[in-house]
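This briefing is for a reader who is new to the structure shown below. Please look it over before reading the points that follow.

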Amino acid sequence: MKILALTLMVLVILSPSFAAPTEVVDTAVGAACDAKQLQPCLAAITGGGQPSGDCCAKLKEQQPCLCGFAKNPAFAQYISSPNSRKLLSACGVPYPSC
């Protein structure tokens, strides 16, 4: 019983270290890439709606980071989705060719 309790405590303590990273440092562009900055775009990516001005501004800021996000398994599905292409086009950001 003590071993089970100890194991659970260790898992709880270590679980944040296994969370998907939201920040990627892209050494090729020398930028700190933060996927959380693209949160205003989430509704447009998942629902296919029109992006907000804030979304387009953040997308343009994070444009050099899109290849890094596309290579990250936690974000790849969002970058490669059909709605993502529509979003990038609506914001005037070219689709990344990685």
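This is a predicted model: local features need pLDDT of at least 70, side-chain atom pairs count only at pLDDT 80 or more; totals for chains, interfaces and linings use all residues.

Residues are numbered from 1 along each chain as its sequence is written, and side-chain values use heavy atoms, with hydrogens and water left out.

**Overall make-up**

- The protein has six helices and two strands; helices (H or I, at least four residues) and strands (E, at least two) are DSSP runs, numbered from the N terminus.
- Along the sequence the pattern reads α-β-β-α-α-α-α-α.
- Of the 98 residues, 31% count as buried; buried means under 20% relative accessible area, exposed over 50%, and partly exposed in between (1.4 Å probe, protein chains only).
- The accessible surface comes to about 6500 Å², and 63% of that surface belongs to carbon and sulfur atoms. Accessible areas come from the Shrake-Rupley method with a 1.4 Å probe, and for residues only the protein chains shown count as cover.
- Of the contacts between residues at least 6 apart in sequence, 59% join residues at least 24 apart; contact means heavy atoms within 4.5 Å.

**Nonpolar core**

- In soluble globular proteins, nonpolar side chains tend to be buried together.
- The largest nonpolar core here has 18 residues. A nonpolar core is a set of buried Ala, Val, Leu, Ile, Met, Phe, Trp, Tyr and Cys residues joined through side-chain atoms within 4.5 Å.
- Leu59, Leu66, Phe69, Leu87, Cys91 and Val93 have the most contacts inside this core.
- Helix H2 (42-47), H3, helix H4 (66-71) and helix H6 (82-91) each supply at least two residues of this core.
- Leaving aside neighbours within four places in sequence, leucine 66 is in contact with Leu59, Ile79, Leu88, Val93 and Pro96.

**Ring contacts**

- The structure holds one aromatic pair.
- Phenylalanine 69 and phenylalanine 75 form this pair, which is edge-to-face, at 5.7 Å centre to centre with 75° between the planes.
- Rings of Phe, Tyr and Trp (its six-membered ring) pair if their centres lie within 6.5 Å; planes under 30 degrees apart count as stacked, over 60 as edge-to-face and the rest as tilted.
- Phenylalanine 69 is buried, with a relative accessible area of 1%, and phenylalanine 75 is buried at 13%.
- Arginine 85 lies over the face of tyrosine 95, at 3.7 Å from the ring centre. A charge sits over a ring if NZ of Lys or CZ of Arg is within 6 Å of the ring centre and within 35 degrees of the ring normal.

**Helix H3**

- Lysine 58 is found in helix H3 (residues 53-61).
- Its side chain makes a polar contact with the side chain of glutamine 37 (3.0 Å). A polar contact is a pair of N or O atoms within 3.5 Å; within protein, one must be able to donate a hydrogen and the other to accept it, and residues adjacent in sequence count only if both atoms are side-chain atoms.
- Cysteine 56 also belongs to helix H3 and counts as buried because its relative accessibility is 14%.

**Loop residues**

- Glutamine 63 is in the loop between H3 and H4 and is partly exposed at 32% relative accessible area.
- Serine 81 lies in the loop between helix H5 (76-79) and H6, and counts as buried at 14% relative accessibility.
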